[in-house]
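This report describes selected local features of one model. The sequence and structure come before the details.

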Amino acid sequence: ETAKDAGEYSSYIVGSTNINYTISENTPQEENPIVWEILKADAIGVSAESVGFDSKQVPYDGTKHTIVATNALVLNAGSTMEENSTSIRYTYCQGDNCKVSSSGVTDAGVYTVYLTYKFKNYNDLVFSKTLTITPKEVDVVWQNYEGLTYTGSNLLVSAMVRAEDVVAGDQVNVEVEQENAINVGSYTATATLSNSNYTVSQNSKTLNYTISPKEIEVELVLPQNLTYDGTIKEVGVEIVSGLVEGDTCNIKILGTQKATTAGTYYCYVQIDGNNNYVLSESSPSQQNPLEWTIEKATIDTSGLTLASVSVDHDGEEKFLTLIGELPDGITGVTITYNGSENKPKEVGVYEVCANFTVDEQNYITPASLTATLTINEVVATVTFDISYMTENGDTFSVVFEFGRYSVIDDVYGEYIAYITISANDTGSEINAFSDADLKNPIPDFSYSVNESNVISSFVINGQTYTLYF
């Protein structure tokens, strides 16, 4: 007949105490009761703030975290409803994924937390707040990035999280996003974590690293013959060590790589267009170039002859002749006699030198060839017997002075004639000069010489004089 709590009820009449009446069929009876309901009332004056239910943010630490009402619920001031008629429920949702829990959640994320009060006589009260569990920030330790040098392979770096930075029992792997790092240059790698409860600190999230050039040793190769011979001498190049198998590296030779003439030259090397390599300190550089020399050639003069000669004096210039074909490199020959280029006439012994003129840039000047030229003095025995007078009664005397024989008229003491004797191919040649013209020889027929090389007669001014012996 009566009810206080909200809910659905049914009532019917079971009978009448007055026998004068009966219950009609339309009267609610047990088979056809009246259904009636007491509706739940709205709670008035209750809010999330009043019950101390508020959002919060905490870092992940491996434990459960909750948002709970911290204040007692007070319904409709003055209400006589007992508190034990209330139930409380907490629901944690991420999107459509919800679960009811009184102990909270552990994993990092943003949760909408619903606080639901259920009453017997009041409509449910539902409040929502946000629980944010932020990922635990950790530093990653980068590995395999220091001192990287080009190898021709992909050089990948790695990273790890220190065990002491991870909650016990958690598994945290580091995933590294990086581009292929093969050639020399600067690269960037970025770290992310496999466990969403953790995040990489900003100061360790990104790694900038460098691959440096690989050192190669290069040598310059000299030609086998470095003596001048008129051909081009060319320096070659060879990579001795350091080149990655399968790689090529062009080497440019700077300075003087090719030369023909004798002299000293300098050259060095430079890598041409391959940034993956750098020259070693021992490789020829502009500061420390290779010095190479084409030596002057030696001239072989063994095929030349300068023979000594001995000749009799005849008043003519005498000289020696260099015999043989001049070898390559000799551009001229100068023959000197006691240091002078003048050919000698006079009696004496002369040191003869054949001095060579050469292309001094490319040839070593050969030693001079030496010989001796001897001009012998011609000794002729001439006997003048003028102890008798000639037909006109004059007598003559013969004296040897000034390198010649003089005929003197004994009467007047005058020089009548001069007679010189020199060698020729057939024996002794006798030249007589008159006092009137000392430069004009008297013809050969003007005198005669007997078999003993003795002058027997000569002509002076057209007159024949006979010498007696």
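Strands β9 (residues 140-143) and β10 (residues 158-161) run antiparallel and are joined by four bridges. Strands here are DSSP runs of E with at least two residues, numbered from the N terminus, and two strands pair if DSSP finds at least two bridges between them. Q143 has S158 of β10 as its bridge partner. The model is predicted, so local features need pLDDT of at least 70 and side-chain atom pairs pLDDT 80 or more, while totals for chains, interfaces and linings use all residues. Residues are numbered from 1 along each chain as its sequence is written, and side-chain values use heavy atoms, without hydrogens or water.

Buried means under 20% relative accessible area, exposed over 50%, and partly exposed in between (1.4 Å probe, protein chains only).

V140 is also among the members of the largest nonpolar core that touch the most other members, with F53, L125, L131 and L193; this core has 84 residues. Such a core is a set of buried Ala, Val, Leu, Ile, Met, Phe, Trp, Tyr and Cys residues joined through side-chain atoms within 4.5 Å.

K56 lies in strand β3 (residues 56-59). K56 counts as partly exposed because its relative accessibility is 36%.

| From | To | Distance |
|---|---|---|
| K56 C-alpha | L131 C-alpha | 5.3 Å |
| K56 side chain | T66 backbone oxygen | 2.8 Å |

K56 and L131 are 75 residues apart in sequence.

Conventions: A polar contact is a pair of N or O atoms within 3.5 Å; within protein, one must be able to donate a hydrogen and the other to accept it, and residues adjacent in sequence count only if both atoms are side-chain atoms.
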